[in-house]
Amino acid sequence: MSSAPSRPAAAAWVTPLRSWAGSDFFVLVLSAVYFLILTPLAPGFASTGNALSLITSLLPLLLLAVGQTWVLVSGGIDLSVTATIALTSVLGGLAVNEVSGWLGSGPFAIPGAILLMLAAGAGVGFLNGLAIARLRMPPFMVTLTSLMFFSGVAVWLTQSQPIGSLPPTFTAFGGRLGWALPVAALLTWVAHLGLSRTVLGRWLYAVGQNARTAEVSGVPVRTVTVCAYVVSGLLAAVASLFLTGQAETASPVLGQRMLLDVIAATVIGGVSLYGGQGRILGVLFGVLFIRLIDNSLNLLGLNFTLILMTKGAVILLAAWLDGWRRQLARMA
Amino acid sequence: MTPVASSHAPVRLQFDGLQKSFFGVPVLRSVSFSVRAGAITALVGENGAGKSTLMNLLGGNLTPDAGQILLEGQPHRPRTPAEAQRAGIAFVHQELNLFGNLSVAENLCLDGFPLQGSPDAATSSGLGWINRPALQLLARNRLDLVGLKLDPNTPLHRLSSGERQLVEIAKALGRHPRVLILDEPTTSLSAPECSRLFALMRELRSEGLALIFISHSLSDVLREADDLVILRDGAVVAQGPCRDFSSQQLITHMVGRTLEQLFPPRDSKRSLRQDVPCLEVRNVTQPGIVRDISFTLHSGEILGMAGLMGAGRSELARILFGLDPHASGEIRIGGELARPGPRGRIQQGVGFLTEDRRGDGLSLESSIADNMTLVSLPQLARTAIGWLDPTTLRQTVQTIRESVRLTATARDEQPVKTLSGGNQQKVVLAKWLLTRPKVLILDEPTRGIDVGAKYEIYQLIHQLADQGAGILVISSEIEELLGLCDRLLVLAKGQIRAELPRAEFQQERILAAALPA
């Protein structure tokens, strides 16, 4: 009834609140709040050493989430990334190990192994994309079955044995922060620019929003779809390089439990599961938030099952807050 | 058809000084009028005139700031849509509220299934076993109300749009309403389906129901309604018996200014270049869709395509744009053989405004800017990797939105779903104008758009033709084709049945050719 007279007073605080609620920085603020609350509780949470370990564990997840963002924006989903990690890790290990590596120990062994991993990652993505775009199969089914299939291939290739004796130069790529951080930062930056500043990026959003309109508007829908999965596969291969380096062994079960973290990080970072919406900056903060939770709960000395339960609850809370702020941002 | 309702019929519904503002902006300023029982009251006005707000007040979605609604003399103050429904207000919406995956019978009884043990009492508690035989019976009774003879077990998605519209009305009638509101009921109906709907409306009127008919089709309104209420800027600007209004007066009241005519004057000789064909179609055939289609579209020409729904016009448009295949025949664009797919056609300078604006014309959730630039992104990119410069994009959008006269209040980054139909269509036009098309195919360019915005879209079409583009217009409104086009093709059953130059434009000849022999 009295909406008209009270309007000027309301507008004074509603407008900045709305613009803040609509921005990508919401999750960053959420992370900061979480950090401040947990610092006095978790011993060593705010130490430099912990920050480094946090960043180390954050980078592979970041790369996976960035790839997933491309796919989600195009209106699909990529469940096969953890299988891609396992497959490429095993292929890299088989190619470059010092005992029986396919590529021996020449100067081209390590670049060759990395290229092989990237090619395999891109290959898995290409197959996924082809099945989805050409055969018009649902992304969920295609990537779920390729998750099963390539996990199987990775185990079969190694007879479920981890591969050790990797050359230190090879593991340094992922294991040493001095390498991994700039590489991950560069790839994230390029993926961000690709999505926000190029024709391909605009096309990805268009296909994710409304594929029929995109087709009528001359967007090469199938090529764009395949591109998204290839990028996801490529970034999964790089994540695999990092994880293999950190573990100093190639393993067919590497990254096995990361899939739900990837999905949670992207969705909390503001990417829509229905396609056409999401930005890399938000995803960066989503990844930070997920890894902060993991890290702090580890420091609290909780056991594995308790960590899982707490993490589930915190993510649910974050998703609820996120829904609330979206509503706030939408209010006319 | 002379109205049978006497002007002394009892008042069923009365709006009395209704006012409503949103954030201090008045959308209804003291609206008063009455709706008689046993009469069809047409409510017309441009988009944004306040029709939807008025209906939302009646339907319990909103509450008025001041004034009241009287239903048979009693105050009607619904707080929820369910309350309005119980009071006897029934809506048939433009976007149908039906479920394609359920059967006709289930759709009809969704708000209260007859249960085992109590076949008459419909409950909505959601518990209990459905009494299937009683459901059949109930559904059949309701279908009889609208004269639909079909098996109630048919899945709804198998029905034509006309049949769905009738099911929706049957569902509304099943609640024994006192007032029935039909909001744009004819937008997706073919001509025979429309006349069937109008016959039903007349029947319901003679049974004493009060009907409110909301429509953009002024000829339908003047032909079918008894009373007329014209809204403009949230106020009633004119009301009275329909026979007191001419089409011209009606438009003047709605728009608030005198439109010279419905259509901008067209001097085809000025732009038409008979010697420059821009689209040549030779013997194009696709079995079951179109047969042996041949015609030539010239530079600067506006060529109309008339026909009934299902004559194959939209299907032909999709073939011409490369979205659907054709088995034989040849399509040439600017003398050159058509390149495959929509991408190939766009490269050759063809544009296509589709019939289904929401389905494949726009990305509703995307911004105005993103929608406008979608087709021309490759041209706007600077380098081979497709780098886009935000400043270039912004300037491009700025220029084109001015030239299509998009409403100045909309921001570039606003989602297009927040725009009115007319402005949405301007966004689609802007999208294609940015490509500087040589051939533009327009399928129902003014569907669901108010009179003022229609005029502006016609002007844009003229401008484009004057600049040398060839334009193919498909429309179900014959008046529109007569007013806009230089030449007409009439399609029936997938074939061209007649070709008429402007001098021979006659509604009767078009209809005769369009009707299947």
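Before the first stop, one term: two strands count as paired if DSSP finds at least two bridges between them. Keep in mind as we go that this is a predicted model.

**Stop 1: a sheet in chain B.** Select β1, β2, β4 and β5 of chain B. They make an open sheet of four strands, ordered β2-β1-β4-β5, and the pairing is antiparallel. Which strands stand at the edges? Those are β2 (25-36) and β5 (74-75) of chain B; each has a single partner strand, so one side of each is left without a neighbour in the sheet.

Now zoom in on residues 66-71, which are strand β4 of chain B: two bridges pair this strand with β5(B) in the antiparallel sense. To find one of the partners, click on B:Leu71, whose bridge partner in β5(B) is B:Gln74.

**Stop 2: a buried strand.** Next, select residues 487-492 of chain B, strand β21. Is this strand largely enclosed or exposed? Six of its six residues are buried, so β21(B) is largely enclosed by the rest of the structure.

Who are the neighbours of β21(B)? Select residues 302-306 for β15(B), which pairs with β21(B) in the parallel sense over four bridges. Within that pairing, B:Met305 has B:Leu489 as its bridge partner. Then pick residues 495-501 for β22(B), which runs antiparallel to β21(B) and is joined to it by six bridges. Here B:Leu488 is partnered with B:Leu500. Strands β21(B) and β22(B) form a hairpin with two residues between the strands, and B:Lys493 takes a positive phi near 50° there.

**Stop 3: where the chains meet.** Show both chains and look at the contact between them: 28 residues of chain B are in contact with 21 residues of chain A. On the chain B side, select α11 (341-347), α12 (357-361) and α14 (377-380), the elements that give two or more residues to the side touching chain A. Colour that side by residue class and you get 14 nonpolar, eight polar and six charged residues.

**Stop 4: all of chain B.** Zoom out. Chain B has 19 helices and 22 strands. The C-alpha atoms of the chain fill a box of roughly 70 × 50 × 50 Å along the principal axes, and 44% of its 517 residues count as buried.

**Stop 5: chain A.** Finally, switch to chain A. How many helices and strands does chain A have? There are 14 helices and zero strands. The radius of gyration of chain A is 21 Å, close to the 20 Å that the globule rule gives for 332 residues, so chain A is as compact as a globular protein of that length. Its C-alpha trace spans about 80 × 55 × 30 Å along the principal axes. Buried residues make up 48% of the chain's 332 residues.

How values were computed. Residues numbered from 1 in each chain as written. Chains lettered and ligands numbered in written order. Predicted model: local features only at pLDDT ≥ 70, side-chain atom pairs only at ≥ 80, totals over all residues. Buried ≥ 20, exposed ≤ 12 C-beta atoms within 10 Å, placed from the backbone. Contact = placed C-beta atoms within 7 Å. Nonpolar A, V, L, I, M, F, W, Y, C, P; charged D, E, K, R; others polar. Rg over C-alpha atoms; globule rule 2.2 N^0.38 Å.
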